[in-house]
Amino acid sequence: MGTVMVTGAAGLIGSHLIEDLLRRGAVVWGLDIVDPAASHNLDEVRDHPDFHYVRGDIRDPQVIGDFFRPEASTLYHLASVVGVNRYMEDPLSLIDIAIIGTRNLVELCDRHRVRILFTSTSEVYGRNPDVPWDEDGDRVLGATHVDRWSYSSAKAVCEHMLFGIHRKTGLPMSIVRFFNVYGARQNPIYVVSKAVHRVLNGQPPELYDGGQQTRCLTHIDDVIEGIIAAATRPEAVGEVFNLGNPVELTMEEVVRTVIEEAGVDMEPVPVDTGERYGKVYEDIIRRVPNVDKAGRLLGWTPRTSAREGIARTIAWARENPWYLE
Ligand SMILES: NC(=O)c1ccc[n+]([C@@H]2O[C@H](COP(=O)([O-])OP(=O)(O)OC[C@H]3O[C@@H](n4cnc5c(N)ncnc54)[C@H](O)[C@@H]3O)[C@@H](O)[C@H]2O)c1
């Protein structure tokens with residue numbers, strides 16, 4: 001595979017991706033803002049002879065200059081502020097990390113003709129009621145005073161940047177849109193990881209607003225295969241792909257599956273998000289991908305059922321007590 005670069009290297013998806021790329025024989029340059037010594041996500045790769053880590057902020061051109069390898073075949077660009085709570089807490093960083101950071105990297109990739117894989121999100125479809133969403137589906141968003149749509153909009157601006165530069169200069173690029181990725185090591189602020197963390201700590205999981213909203217849970221192992229196919233297959237150049245498991249589950253089903261697979265006797269605690277977050281929060285009722293295009297062009301199909309993936313996540317958490325602290 002030669003040399004490849006990964007931003008967001010210490011994140012959930014970045015760290016799993018790097019493990020896979022190293023197994024495939026790549027030399028990997030990773031960039032992230034976090035201290036590598038303090039990141040459990042890097043435990044498996046920190047001392048690997050083919051792994052190089054640069055600590056810094058993708059908004060800083062000096063950092064990007066130190067990190068960027070012009071000889072690399074591919075840049076996997078994952079660094080981002082992620083998670084509804086986080087972008088409600090830090091709206092400026094969310095937007096400028098996405099837009100300034102991505103712009104810095106796109107310019108370098110274009111100058112050195114390095115292929116770029118950009119990780120976008122199912123949030124770009126907003127609350128489009130016409131599910132399942134195919135990649136050409138409309139973006140249906142709410143008012144700009146609702147913080148939720150800032151992440152969707154920032155990622156969509158990056159997608160515009162990539163499509164535009166691809167058309168203008170032929171920069172080889174591909175985009176993937178994830179749907180609720182989960183698995184071992186995920187920060188416990190998302191639906192599966194939070195429920196697993198709470199349940200294994202003896203606390204009942206929370207259920208937002210009645211729990212009838214649906215999500216399509218996509219296991220980390222499935223996602224990594226899709227990312228690498230999208231970043232390497234010639235057919236993927238200039239294309240955007242949904243990477244999601246199309247099986248739709250209500251939040252209540254997800255939380256109850258966590259309880260069942262953990263083998264505990266608990267009832268979820270209802271949470272009213274209006275009371276907790278105020279009017280800046282707005283949920284998406286259904287979020288379902290059409291993955292025909294990923295199947296056709298990438299040969300990708302998600303293989304891990306939610307029950308199996310949740311069971312694996314629980315087993316991993318039980319073996320790694322640091323995670324439950
Ligand atoms: N996990 C999901 O369900 C999901 C869904 C849709 C999209 N995505 C996208 O996938 C990518 C990876 O997500 P993840 O789940 O691994 O999230 P994550 O939060 O675990 O990883 C993101 C990483 O980016 C790093 N980062 C943030 N700001 C930075 C900066 N200014 N400079 C350098 N590094 C910075 C963080 O430190 C973190 O390690 C993101 O772009 C995210 O938007 C994820």
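1. The sheet. Seven strands build an open sheet, ordered E3-E2-E1-E4-E5-E6-E11, and the pairing is parallel. Strand E3 (51–55) and strand E11 (239–243) stand at the edges. Each has a single partner strand, so one side of each is left without a neighbour in the sheet. On average, neighbouring strands of this sheet are turned by 20° against each other, direction ignored. Note that this is a predicted model.

2. Strand E1. Is E1 mostly covered or mostly open? It is mostly covered, with five of its five residues buried. Thr3, Met5 and Thr7 lie on one side, Val4 and Val6 on the other, and both faces are covered. E1 runs parallel to strand E2 (residues 27–32), and five bridges join the two. Met5 has Trp29 as its bridge partner in E2.

3. The E6 and E11 pairing. Strand E6 (residues 173–178) and E11 run parallel and are joined by five bridges. Look at Val176 to find one of the partners: in E11 it is Phe241. Helix H5 (residues 148–169) packs on the sheet here, touching E5, E6 and E11. The direction of H5 makes about 155° with that of E5.

4. Helix H4. Which strands does helix H4 (residues 91–112) lie across? They are strand E1 (3–7), strand E4 (74–77) and strand E5 (115–121). Helix H4 runs at about 170° to E4.

5. Helix H8. This helix spans residues 251–262, 12 residues in total. From first C-alpha to last, H8 reaches 17 Å, close to the 16 Å expected at 1.5 Å a residue. Its buried residues are Met251, Val254, Val255, Thr257, Val258, Ile259 and Ala262. What do these buried residues pack against? The partners are helix H6 (191–200), strand E8 (206–208), strand E9 (214–215), strand E12 (249–250) and helix H11 (306–319). Just after H8 comes Gly263, with a positive phi of about 70°.

6. H6 against H8. Two packed helices are described by the angle between their axes and the distance between the axes. The axes of H6 and H8 cross at roughly 40° and come within 10 Å. The crossing is right-handed. From H6, the contact uses Val191, Val192, Ala195, Val196, Val199 and Leu200. From H8 come Met251, Val254, Val258, Ile259 and Ala262. How do the residues of the contact of H6 with H8 divide? There are 11 nonpolar, no polar and no charged.

7. Backbone points to check. Most residues other than glycine have a negative phi, and most peptide bonds are trans.

- Pro132 sits in the loop between E5 and H5. The peptide bond from Val131 to Pro132 is cis, with omega near -5°.
- Arg185 is in the loop between strand E7 (181–182) and H6. Its phi is near 80°, a positive value in a residue other than glycine. Arg185 is buried, at a relative accessible area of 11%.
- Asp209 lies in the loop between E8 and E9. Although not a glycine, Asp209 has a positive phi of about 50°. Buried or partly exposed? At 37% relative accessibility, Asp209 counts as partly exposed.

Terms used
Residues are numbered from 1 along each chain as its sequence is written. This is a predicted model: local features need pLDDT of at least 70, side-chain atom pairs count only at pLDDT 80 or more; totals for chains, interfaces and linings use all residues. Side-chain values use heavy atoms; hydrogens and water are left out. Helices (H or I, at least four residues) and strands (E, at least two) are DSSP runs, numbered from the N terminus. The expected span of a helix is 1.5 Å times one less than its number of residues. Buried means under 20% relative accessible area, exposed over 50%, partly exposed in between (1.4 Å probe, protein chains only). Contact means heavy atoms within 4.5 Å. Two strands pair if DSSP finds at least two bridges between them. Axes are lines fitted to C-alpha atoms, for helices over the stretch in contact, and angles run from 0 to 180 degrees between N-to-C directions. A crossing is left-handed if the near helix is turned anticlockwise from the far one by less than a right angle, and right-handed if clockwise. Ala, Val, Leu, Ile, Met, Phe, Trp, Tyr, Cys and Pro count as nonpolar, Asp, Glu, Lys and Arg as charged, and the others, Gly among them, as polar.
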